[in-house]
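Q: Could you walk me through some local features of this model, starting with the terms you rely on?

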Amino acid sequence: MNANPFRSAYRTGVTVLMELYARNRILCLVAVANLSLAVVFTALMALDGRTVLGRNVWTKPWKFATSIAVFTGTMGWILPSLSLSIRVERLATTVIGGAMTIEIVLISTQAARGVASHFNDTTLLNTVVYAVMGITITISSLVVAYVLWRVVRNPPDLAPAYLWGVAIGMFVFVIASFEGWLMVSEGGHGVGVANDARGLPLLNWSVTGGDLRVAHFVGLHALQVVPLAGYVLSGWETLAPRESVIAVSSIGILYGGITLVTFIQAVLGHSLISSLIIPWLPPSFGAGIVLVGVICGTVLLAATWQRAERTDETSPPKTGF
C-alpha cells in the first residue's frame, strides 16, 4: 500500500517544526507567526483592491513575512549548532527576533494605512517609520556578521563542509544585506527606471531597467543555499572531508558570482529579463559563470571517482555464491 504523500509531507513538516522549536523557541515562534501572517496577507490581497505604486498594498507585507519566516527559521536552526556561548546565542536570538518583529509590524501598518513603507519621506511619520525599519535591519545584519566572526574565531565541531557552507552563506548574506544601503542612498531600487516601473508578477522586479533588489534577494538566500549544500556534501560518503570542503567552496564562489553579476547588471541599468536572454552580458561575466560551474562539476566528479578508486583498492575482494 502506497503511503499518502500529503500525510508524509505533513509529518515531515511537523517533525522539522518540533526540531526547530527545540533548537530555538523564540525564532521558531517568530517564523511561525510570519508564516501565519503570509497566509493572512494572501487573503487580504484578494479582498483589498487598494494599490501602492501600482501594486496591491499587501504584496510587500506578504513578501517580507515570507522572507522573515525563512530567515528566522534558518537562524533558529543554525545558531544552536555553532557552539556559541549562552550569552551570545541569547543576544543573537533576541536581537534578530525583535528586529524582525518590528520590521513586519511597521510594514503591515503602512500597508493598512495605504502608503508605501520604503523610500517614503512624504511626512514626518513616514520618514520615522522608514528610518526605524532601516535601523532594525542594520542591527540584525550586524548581529549575523558578529556571529560569523565568532564562528571564524572559534570554529564549532561541525563537519568541515557544513561549517564552510555556514560561514560562506553568512558572509554572502551580510554583503547582500548592506547592499540595501545603496538603495537607500539612491532613494530607490530602480536604475534607469522609476520604482513603480512594470515588474515581474509578485516579485515586482523591473523588466524595463535595472533593479537592485535582484542581487539583494539572491545574496540573502545564500544563508539557506550554501549551508544546505555543505550539509548534503558532508554526508556524501564518496567524498573525503577535504574534497567536500573544496566542493562547497566552489558552490559558494559560484553563488557569490551569480549575486555579483545580478548586481552589476542592475547597476548597468539592465533588467533580469534581458540578462536571462544574455544579449548584453560581457563575455567575461558569462565565461566566469560557466567556468565556475565547470570547476564545481569537475571537482565533484573527480572527487567521487578518486574516492571510489580508493574504496576499491582497500575493500576485500567480493565473493560470489
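A: Buried means under 20% relative accessible area, exposed over 50%, and partly exposed in between, with a 1.4 Å probe and protein chains only. This is a predicted model, in which local features need pLDDT of at least 70 and side-chain atom pairs count only at pLDDT 80 or more, while totals for chains, interfaces and linings use all residues. Residues are numbered from 1 along each chain as its sequence is written, and side-chain values use heavy atoms, with hydrogens and water left out.

Q: OK, is Phe119 buried or exposed, or in between?
A: Phe119 counts as partly exposed, because its relative accessibility is 23%. Phe119 sits in the loop between α4 and α5 (124-153), helices here being DSSP runs of H or I with at least four residues, and strands runs of E with at least two, numbered from the N terminus. Its phi is positive, near 55°, although the residue is not glycine.

Q: What about Ser83, where is that?
A: Ser83 belongs to the loop between α3 (59-78) and α4 (86-113), and this non-glycine residue has a positive phi of about 55°. With a relative accessible area of 57%, Ser83 is exposed.

Q: Switching topic, how many aromatic pairs are there?
A: The search of the whole structure gives 5, where rings of Phe, Tyr and Trp (its six-membered ring) pair if their centres lie within 6.5 Å, and planes under 30 degrees apart count as stacked, over 60 as edge-to-face and the rest as tilted. One of them joins Tyr162 and Tyr231, and it is edge-to-face because the planes are at 75°, with the ring centres 5.8 Å apart.

Q: Which helices does that pair link?
A: Tyr162 is in α6 (residues 160-178) and Tyr231 in α9 (residues 222-234), 69 residues apart. Tyr162 is buried at 12% relative accessibility, whereas Tyr231 is exposed at 53%.
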